[in-house]
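I opened the model to look up its charged side-chain pairs. The entries below follow the order in which I checked them.

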Amino acid sequence: MSQQQTQRIILEIISLLIFIFILTQILVSGGVLLNLDLLTGFFVPTIENNFLTQLSIITGFIFDTITLLIISAIISIFLWIKNNKKESLLFIASMLLTSGIVFVIKNLVQRARPLNPLIYESGFSFPSGHATTSLVFFGILTYLILIKNKSKLLKFIILCISIFMVALISFSRLYLNVHWMTDIVGGISLGFFILLASITIYEIIESKVYTMFC
């Protein structure tokens, strides 16, 4: 195992521990993170305006979990046709796994959404599916682009765009008051764990296959 993979595993563990901590705080009534949710809930209405409302609604619609799964399937088919089969499987498998994990956790925790949202949302609140799936989606997409390109400038631009998109999507859910702050942070930490774990497993499998046939 390379040093980079070891560092990645350490980050995976940290991400998982953060998620578990947030989860336990949610399950324990009156956890210390409750103040963070309340503080955010009081602050967000003070910045409401028509532009942010419309932007958040559009962002939430475009980057819905189902929409991202459809886009992921299209990208995976494209990669498969271009003879990038391993990358294709990594992309679609990571997204399907993420969606499945989020669905299971939501229905196990059954956390209610905040009151008085700007738009109607069904289902449970924790973790934020938008935050989790968008992080994995843009994370895998960024990873595949980075390993295929040597341009440092392009890598920097792609990384900045991905970070901005995940931040925008996460903010839109908070702004529309359909999620608590801990739903967002929990979703990001869970997404980061799944992303890093998927990449680590992918690289380990790829290196073993290479060793077997070379």
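I counted five salt bridges, taking a salt bridge as a side-chain nitrogen of Lys or Arg within 4 Å of a carboxyl oxygen of Asp or Glu. The model is predicted: local features need pLDDT of at least 70, side-chain atom pairs count only at pLDDT 80 or more, and totals for chains, interfaces and linings use all residues. Residues are numbered from 1 along each chain as its sequence is written, and side-chain values use heavy atoms, with hydrogens and water left out.

Entry: Arg-8 and Glu-203. I found their side chains in a salt bridge, 2.8 Å from N to O. Arg-8 lies in helix α1 (residues 3–27) and Glu-203 in helix α8 (residues 181–213), so the pair ties together parts 195 residues apart in sequence. Helices here are DSSP runs (H or I, at least four residues), numbered from the N terminus. I noted both Arg-8 and Glu-203 as buried; buried means under 20% relative accessible area, exposed over 50%, and partly exposed in between (1.4 Å probe, protein chains only).

Entry: Arg-111 and Asp-37. The closest N and O atoms of this salt bridge are 2.9 Å apart. Arg-111 sits in the loop between α5 (85–109) and α6 (129–148), Asp-37 in helix α2 (residues 34–43), 74 residues apart. Arg-111 is buried at 15% relative accessibility, and Asp-37 is buried at 4%. I also listed a network of salt bridges that links Asp-37, Arg-111 and Asp-183.

Entry: Glu-121 and Arg-173. I read 3.0 Å, N to O, for this salt bridge. Glu-121 is partly exposed at 25% relative accessibility, whereas Arg-173 is buried at 2%.

Methods
Helices (H or I, at least four residues) and strands (E, at least two) are DSSP runs, numbered from the N terminus.
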